Amino acid sequence: MKMNKKVMRVSLGWRILIGLAVGIILGVIFYKNQGFIVFAQGVGKFFINMISMIVLPIVVTSLTVGIANIGDIHKLGRVGCKTILYFEIVSTIALILGLLVANVTDIGHFVNLKGLEAADISKYEATAKVASHNGLGSILMSIVPTNIFAALSAGNMLPVIFFSVFFGLGLSSIGERGQIVVDFLQAVSEVMFKVTSWVMNFAPFGVAGLIGVTVAQLGLDSLKPLGLFIGVAYLTMAIFIIVVLGAIAAIYKINIFDVLTVFKDELVLAFSTASSEVTLPKLIEKTQKMGVSKGVVSFVIPTGYTFNLDGSAIYQALAAVFMAQAYHIHLSIGQQLTLLVVLMVSSKGMAGVPGASFVVLLATVSTIGVPVSGLALIAGIDRLVDMGRTAVNVAGNGLATIIIGKSEKEFDHDKYVEYVASYKK
């Protein structure tokens with residue numbers, strides 16, 4: 001009985017790490033074994049589907065209730081403008097950091113392209129072709145849903161956010177008559193968070209399946225030719241979290257390591273699954289417990305999943321210059337500035353698309369003369385880098401919510417201190 005109690009006390013983060021280790025071991029044992037690959041894919045997809053099932057109901061209910069509680073459209077406009085501006089500045093810094101590291105390390109010149117095996121990128125090419133013709137106007141027009149139920153069924157986050165904001169404002173404007181709907185949605189939100197806690201118990205198995213598939217398909221030997229690129233990418237992401245996000249946090253008198261400690265389970269989960277979506281429910285729940293008001297949390301986090309992709313920005317800039325160097329294409333400062341602007345625009349319109357970062361690269365590398373076919377040479381390790389950039393995206397969105405909350409004076413510092421302390425015991 002004592003042993004069972006100890007097992008039950010193992011935290012979710014540790015269980016996910018165990019799942020990660022088991023998945024890697026199984027992937028090595030069953031390398032290229034199609035039976036295992038199909039089974040592991042099924043386990044991983046089952047977990048991802050369960051998370052997808054609860055994400056949109058949580059976003060709709062939490063955001064609608066949060067906006068209804070804010071009530072003031074002027075305040076909402078201020079929060080919205082401040083949020084988008086913050087995301088744009090931080091993601092641009094991430095892009096610049098990626099460009100700087102790529103230029104300083106010059107890693108592309110150390111890679112022999114002839115020794116790399118090209119992967120199939122046909123599944124990304126059609127999406128990239130559409131993306132390359134979509135300007136900022138198309139992105140803005142896609143925000144307004146013609147049919148909210150179609151947007152919900154397709155999982156399009158921006159139209160859902162747009163509708164939920166207006167629905168919340170409408171409920172607030174009719175006063176007491178709208179309160180019954182607010183109470184109903186609040187109850188639905190609480191039910192969905194309860195369902196989330198049940199679903200997360202399956203996370204270690206989902207993680208084992210997803211990482212097992214990756215290792216079984218690629219094999220550990222596939223890391224060697226592009227190991228330097230993977231290492232530099234992870235080092236750059238670590239610098240971004242500790243230095244850039246750390247500096248932003250310090251300005252607002254927040255310790256970045258405290259934030260990372262609270263979000264450690266979500267970071268491990270994001271890293272293991274390479275999916276930001278799986279962490280959204282718990283991120284919403286935890287940031288509220290850290291003292292940020294429900295209105296700010298329910299607006300900033302879903303918006304951040306579309307506009308604040310810091311890890312993806314680092315990868316896109318780093319990979320674009322890396323490929324140019326590998327093909328011995330000299331990029332002038334003007335060309336790199338053009339690349340920066342193109343990535344700033346195109347990356348905002350691609351959130352939510354499977355393999356979004358890779359699709360953005362396909363849509364933009366032609367602007368600097370890199371053959372699109374060349375990206376097939378790094379497509380094989382995209383999943384491995386995706387794990388790191390997803391964790392950075394989650395860390396960035398968690399911190400952003402706290403920063404916006406503090407700037408709006410919608411932040412309970414005592415609650416924050418108490419909640420952080422509970423994670424240090």
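This is a short tour of a predicted model, stop by stop, with something to select at each one.

**Before you start.** Residues are numbered from 1 along each chain as its sequence is written. Local features need pLDDT of at least 70, side-chain atom pairs count only at pLDDT 80 or more, totals for chains, interfaces and linings use all residues, and side-chain values use heavy atoms, with hydrogens and water left out.

**Stop 1: colour by confidence.** The pLDDT is the predictor's confidence in each residue, from 0 to 100. The chain averages 80, and 82% of the residues score at least 70.

**Stop 2: the annotated spans.** The unreviewed UniProt entry carries the annotation "transmembrane region" for several stretches, including residues 12–31 and 83–104; such annotations may be inferred rather than shown by experiment. Select residues 12–31 and you will find 90% helix and 0% strand, with the end C-alpha atoms 28 Å apart. For residues 83–104 the span is 100% helix and 0% strand, and its end C-alpha atoms lie 32 Å apart. Helices (H or I, at least four residues) and strands (E, at least two) are DSSP runs, numbered from the N terminus.

**Stop 3: α8 and α15.** Select residues 157–173 (α8) and 294–307 (α15), which pack at an angle of about 155° with their axes 10 Å apart. Axes are lines fitted to C-alpha atoms, for helices over the stretch in contact, and angles run from 0 to 180 degrees between N-to-C directions. That angle makes α8 roughly antiparallel to α15, a label for angles over 145 degrees. Show side chains for Met157, Leu158, Ile161 and Val165 of α8, then Phe299, Pro302, Thr303, Thr306 and Phe307 of α15, to see the contact.

**Stop 4: α4 and α19.** Next, pick residues 73–105 (α4) and 382–407 (α19), whose axes come within 11 Å and cross at roughly 140°. This makes α4 oblique to α19. On the α4 side, the contact is made by Val79, Lys82, Thr83, Tyr86 and Phe87. Across from them on α19 are Asn397, Leu399, Ala400, Ile403, Ile404 and Ser407.

**Stop 5: Val60.** Finally, click on Val60, in helix α3 (residues 34–70). Which residues does Val60 contact, leaving aside its neighbours within four places in sequence? They are Leu152, Val160 and Ser164.

Terms used:
Angles under 35 degrees count as roughly parallel, over 145 as roughly antiparallel, 65 to 115 as roughly perpendicular and the rest as oblique. Contact means heavy atoms within 4.5 Å.
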